[in-house]
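Here is a friendly note to read with the model open beside you. Take the points one at a time, and find each residue on screen before moving on.

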Amino acid sequence: MIIATVGVCLSVLSCANSVEYKTVNVQEFKTVLQEEGMQLLDARTIEEYNEGHIDCAVQISVKDADFEARALETFDKNRPVAVYCRSGRRSAKASEILTKAGFKVINLDGGYEAFIKQ
């Protein structure tokens with residue numbers, strides 16, 4: 001069960017592991033993207049990314065075995081990371097991984113599909 005409320009544990013699994021990150025709607029996500037120093041991760045495959053993506057997004061598929069290592073090489077832990085995927089499931093997984101690695105993470109509820117609809 002996923003709860004779309006900002007600041008609340010997002011799933012039973014996340015709460016059990018004390019993994020906390022924010023999931024926000026499209027409007028909030030667009031506001032977050034305007035914040036100075038915000039980093040943007042597209043957690044989809046390169047094929048999906050090439051079909052369309054949010055400007056300035058760095059593509060690292062959460063399905064890749066080296067996802068965490070590549071993210072650690074690419075992003076600055078001292079700056080927040082906004083994360084999205086197609087519908088929100090993979091970005092939730094990426095958000096968990098990044099949060100456990102010490103990042104402050106903001107996840108897009110509904111993913112890229114929701115983003116392009118607005």
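1. Asp76 has its place between helix H4 (67-74) and S4. Keep in mind as you look that this is a predicted model. Is Asp76 buried, exposed or partly exposed? With a relative accessible area of 30%, it is partly exposed, because that value falls between the cut-offs of 20% and 50%.

2. Now look at what surrounds Asp76. Not counting residues up to four places away in sequence, Asp76 touches Gln39 and Phe103. Gln39 is 37 residues from Asp76 along the sequence, yet the two C-alpha atoms are 8.3 Å apart in space. The side chain of Asp76 also has a polar atom 2.8 Å from the backbone nitrogen of Asn78.

3. Step back for the overall plan. The protein has six helices and five strands, and from the N terminus on they run α-β-α-β-α-β-α-β-α-β-α. Of the 118 residues, 47% are buried. If you take the contacts between residues at least 6 apart in sequence, 60% of them join residues at least 24 apart.

4. Which residues of H2 are buried? They are Val26, Phe29 and Val32. Seen down the axis of H2, these buried residues fall within an arc of 115°, so they line one face of the helix.

5. Next come the aromatic rings. A search of the whole structure finds two aromatic pairs. Phe29 and Phe115 form an edge-to-face pair, with 6.5 Å from centre to centre and 85° between the planes. This pair links distant parts of the chain, since Phe29 is in helix H2 (residues 26-33) and Phe115 is in helix H6 (residues 111-117), 86 residues apart. Phe29 counts as buried because its relative accessibility is 0%, and Phe115 is buried too, with a relative accessible area of 15%.

6. Charged side chains meet rings here as well. Lys30 lies over the face of Phe115, 5.2 Å from the ring centre. Over the ring of Tyr112 you will find the charged end of Arg44, 4.6 Å from the centre of that ring.

7. Arg44 turns up again beside Gln59, a residue of strand S3 (residues 58-59). The backbone oxygen of Arg44 lies 2.7 Å from a polar atom of the Gln59 side chain. Gln59 is buried, with a relative accessible area of 14%. Leaving aside neighbours within four places in sequence, its contacts are Asp42, Arg44, Thr45, Ile46, Tyr49 and Arg70.

8. Last, the cysteines. How many disulfides does a search of the whole structure find? The search finds zero. Cys56 is exposed, with a relative accessible area of 74%, whereas Cys85 is buried, at 1%.

Conventions. Residues are numbered from 1 along each chain as its sequence is written. This is a predicted model: local features need pLDDT of at least 70, side-chain atom pairs count only at pLDDT 80 or more; totals for chains, interfaces and linings use all residues. Side-chain values use heavy atoms; hydrogens and water are left out. Rings of Phe, Tyr and Trp (its six-membered ring) pair if their centres lie within 6.5 Å; planes under 30 degrees apart count as stacked, over 60 as edge-to-face and the rest as tilted. Helices (H or I, at least four residues) and strands (E, at least two) are DSSP runs, numbered from the N terminus. Buried means under 20% relative accessible area, exposed over 50%, partly exposed in between (1.4 Å probe, protein chains only). A charge sits over a ring if NZ of Lys or CZ of Arg is within 6 Å of the ring centre and within 35 degrees of the ring normal. The arc is that of the directions from the helix axis to the C-beta atoms. A polar contact is a pair of N or O atoms within 3.5 Å; within protein, one must be able to donate a hydrogen and the other to accept it, and residues adjacent in sequence count only if both atoms are side-chain atoms. Contact means heavy atoms within 4.5 Å. A disulfide is a pair of cysteine sulfur atoms within 2.5 Å.
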